[in-house]
Amino acid sequence: MVRYASLIAANALRNRRRSALTVASIAISLCLLAVLGAAYLALFGEPEASPAEALRLMTHHKVSITQPMPVSFEARIRQIPGVADAMVWQWFGGTYKDARDPRNFFARFAVEPARLFGIRSELRIPAGHRARFQQERTGCIAGRKLAARFAWKPGDRVTLLGDIFPVTLELTIAGIYDDPNNDEILYFNYEYLRELLKAEDAGPDQVGVFIVQVKSLDAVIPVADAIDKEFENSTAPTETVTERAWQLSFLSFLGNLKLFLSSICGALGFTVLLVCANTISMAVRERIREVGIMKTLGFRPGTLVALTIAESTCLALAGGAIGLGLAEILCVMVQSSGTAYAALNLRITAEVALASCAAAVALGVGSSALPAWQASRMNILDALRHTG
Amino acid sequence: MNTPVIATRKLVKEFVRANFHILALHEIDISIEAGAFFTLMGPSGSGKSTLLHLIAAMDRPTRGEIRVLGEDLRALSNRAIAQWRNRHIGFIFQSFNLIPVLSALENVELPLKLTDLSHRERWEHALTALELVGLADHADHLPGQLSGGQEQRVAIARAIVTDPDIILADEPTGNLDAEAAQEVLMLLSRLNREFGKTIVMVTHDPHAASYATEVRHLEKGELKAASSETP
Ligand SMILES: Nc1ncnc2c1ncn2[C@@H]1O[C@H](COP(=O)(O)OP(=O)(O)O)[C@@H](O)[C@H]1O
Ligand SMILES: [Mg+2]
C-alpha cells in the first residue's frame, strides 16, 4: 500500500471541499463520542466488585426497603449453611445541623461494631479507634473524606436528630476509617439506637436491612436463595441481593443514563456512518470510469477496493485525530471550569482515545467497503463507458 | 513466416441483453504477425472496438478461438488476465483516459506500480517513456493542463511504459486536430518500426491507415477480405 500513498492522497484531496466537510463532520462526531465515552467511563467505569464486596449480600423486606423485618431474623440467617456472618445494617435518616445545607447530608448506618470490621474487611482503622468504637456505646466512626468535610477528630461530638426514628443520637467520634469504596459514611452502634428506641417505647425491635457475609463466592447465589426461602412464609418475606446490585438499585437513574448515553453514542455513530457512506459512494460513483482505466492497466478488483478503503480510512482517521484533540480541549475546559461537572473528572484516557481511533477506522472501512466493492466488480467496458 | 502474435478463429461476440441481442462480431478469422502495424477500419458500430477489447482480454468472446502471444485467452482466470494485460498489452483510448488528479509522470508510472520495480526505477522508466513521446518537460503537469495531443502522447507513454509486446489503439486520433493526430500517428509508426511493437489500430481516417502495414475492414461484425489498400 505504501507505493499507492500518493495515489490515495491525490484521490482523498480530489474534491477538497467535500473532503474537508467529511473530515469536519467526522471530527465533530468523534469529539462528541469521545466526550460521551469519557463521561460514561467516569460514571460507570468503576473498578469491578472487590473480593470482599463480592461476598456480601443485602437482605431486605420483599415489599420494599422501608418495610422492617424482626431483628430476630439475624440469628436465623446466621444459621443458614454458607453464611459466615450477618449484621444489622440500619439506615438512620435524620439531620445533622442545618438540613437545608446539602453539605450536611451524609449516610449514617447503625451497625454492630463487633461484626463490622469482619464483614466490611476493606475498612482500615487504627486499632485504638476500633477498640474505642467497640467499647463506647455512643461511639461512631467516620470515613476520612467525611471527617475532613466537617474537620472531625476523635472525641468530637456529633448530634443527629432523628426523623424516621423519634430519637436524638448524641454520638462521639471514636475514630476515623479508610475505605477505598466509600469513605463518606458514618457508622454507629445499633445497640445505642435500640436502647433509645426502647426508652421511647417505640414497639418491637425491627430492622430495615441485614448485611450478610458469605463464606465463598460459589455460595453467594445459593445462600441468597436459601435466606429468602427461610423467610418465605414468615410475617416479613425477604429479598436478598448482592451488595453491588443493591448499590446499583439506588443508582437506577444512572441506569437510565447509561442507556441514554449508549443510545446517543450509537445514534451518533450510525448517523456519521451514513453521512460518510453517502460521501464515499458519491466519490466512488464519480470515479467509476477510472476503475475501468485502472483495470485496463491491470489492476485487480481487490487492489481497487483496498485503495478506496484506505482513502476513506485516512479521511476518517484525520477526522478522528482532530475530534480527539477537540475532545481533549473540551475536557480540560470542563475540568478547569470550576463547575460541579469538574467533579466528574472527565478525561480522554488512553482507553477512550483508542476506542475513538477504532471507531474512526470502523467508520472509514464501514462507509467505503460496500461502494468500493460494487465499483470494483464492474465489468471493465461498462466502467469505461460510465459517464459521471 | 513467424507464428502470428494474434490469431482468432471463428471468433464470435454476441451481446445479449433483456430486450435485444446484438451480434457484434461474426466468425472473425484474423492472423496478425509480430511487428505488424495492423489497421482496422469500418463504419461505426461494425465491431471494431469489440474486437480490440477481445484481443486485450477486456471482454470474453462468446464463441471461437483467440490466441494472443501464444496464450489461449479463454483459459486464463480473471486474475491471470489482469496481470497478463499489464505485462503484454498497451491500450490507447480515443478519449485518452488519464487519471485527472495525477501528474503526467504519475499517470505514466501507474501501470508500473503492479511490477516489482523500486520507486526509483519506476520513476526512471516513466520519465524515459515521457521523453520518448517528447513530454519530459511536462512531467509535473496535470492532464487538465495539457492539450489533447499532449494528453494522448502521455497516454501513449503510459501504454508503452511496461514495454508491452502489443499496442492496441482505439481511434487514437479521433479527438485530435490534424496536427496533433499527425504527431500521434508518427509516434505509433516509430514505435512499430524502431521498437518492433505490434500495433493494432482502429481508425476512420484513411490518412491514418497509410501508416499501416495491413488494413482490414469490418462491416456489421464481419471481416472483409484483404483489400488492395495494403501497401
Ligand atoms: N457492452 C455492450 N453491450 C451491448 N452492446 C454492445 C456493447 N458493446 C458494443 N455493443 C454493440 O456491439 C456493436 C459493435 O460495437 P463496437 O465494437 O463498439 O463498434 P465500433 O467500435 O466499430 O463502433 C454495436 O452495435 C454496439 O452497440
Ligand atoms: Mg468503437
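**Ligand 1 and its surroundings**

With three residues, helix 1 of chain B contributes the most to the shell around ligand 1. The model is predicted. Because residues from chains A and B surround ligand 1, the site is shared between chains.

**Shell**

- There are 13 residues around ligand 1, and those that come nearest are A:R385, B:G45, B:K48, B:S49 and B:T50.
- In chain B, strand 2 (21-28) and helix 1 (48-55) each provide at least two residues of this shell.
- Sorted by class, the shell consists of six polar, four nonpolar and three charged residues.

- From chain A, the side chain of A:R385 places an N or O atom 2.7 Å from a nitrogen atom of ligand 1.
- From chain B, a backbone N or O atom of B:K48 is 2.9 Å from an oxygen atom of ligand 1.
- A polar backbone atom of B:G47 lies 3.0 Å from an oxygen atom of ligand 1.

**Burial and pocket**

- Ligand 1 exposes 550 Å² when taken alone, and the protein buries 76% of that area.
- The second largest pocket is the space that ligand 1 takes up.

**Residues by chain**

- A:R385 is one of the residues that come nearest to ligand 1, and its side chain makes the contact at 2.7 Å.
- B:K48 is also among the residues that come nearest, and its contact with ligand 1 at 2.9 Å is through a backbone atom.

Definitions and conventions: Residues are numbered from 1 along each chain as its sequence is written. Chains are lettered from A and ligands numbered from 1 in the order in which they are written. This is a predicted model: local features need pLDDT of at least 70, side-chain atom pairs count only at pLDDT 80 or more; totals for chains, interfaces and linings use all residues. Side-chain values use heavy atoms; hydrogens and water are left out. A residue is near a molecule or strand if one of its heavy atoms lies within 4 Å of it. A polar contact is a pair of N or O atoms within 3.5 Å; within protein, one must be able to donate a hydrogen and the other to accept it, and residues adjacent in sequence count only if both atoms are side-chain atoms. Accessible areas come from the Shrake-Rupley method with a 1.4 Å probe; for residues, only the protein chains shown count as cover. On a 1 Å grid over the protein atoms alone, a cavity is a set of points where a 1.4 Å probe fits but cannot get out, and a pocket is an open set with protein on both sides within 12 Å along at least five of seven lines; lining residues have an atom within 4 Å of a point. A molecule sits in a cavity or pocket if more than half of its atoms lie within 2 Å of its grid points. Helices (H or I, at least four residues) and strands (E, at least two) are DSSP runs, numbered from the N terminus. Ala, Val, Leu, Ile, Met, Phe, Trp, Tyr, Cys and Pro count as nonpolar, Asp, Glu, Lys and Arg as charged, and the others, Gly among them, as polar.
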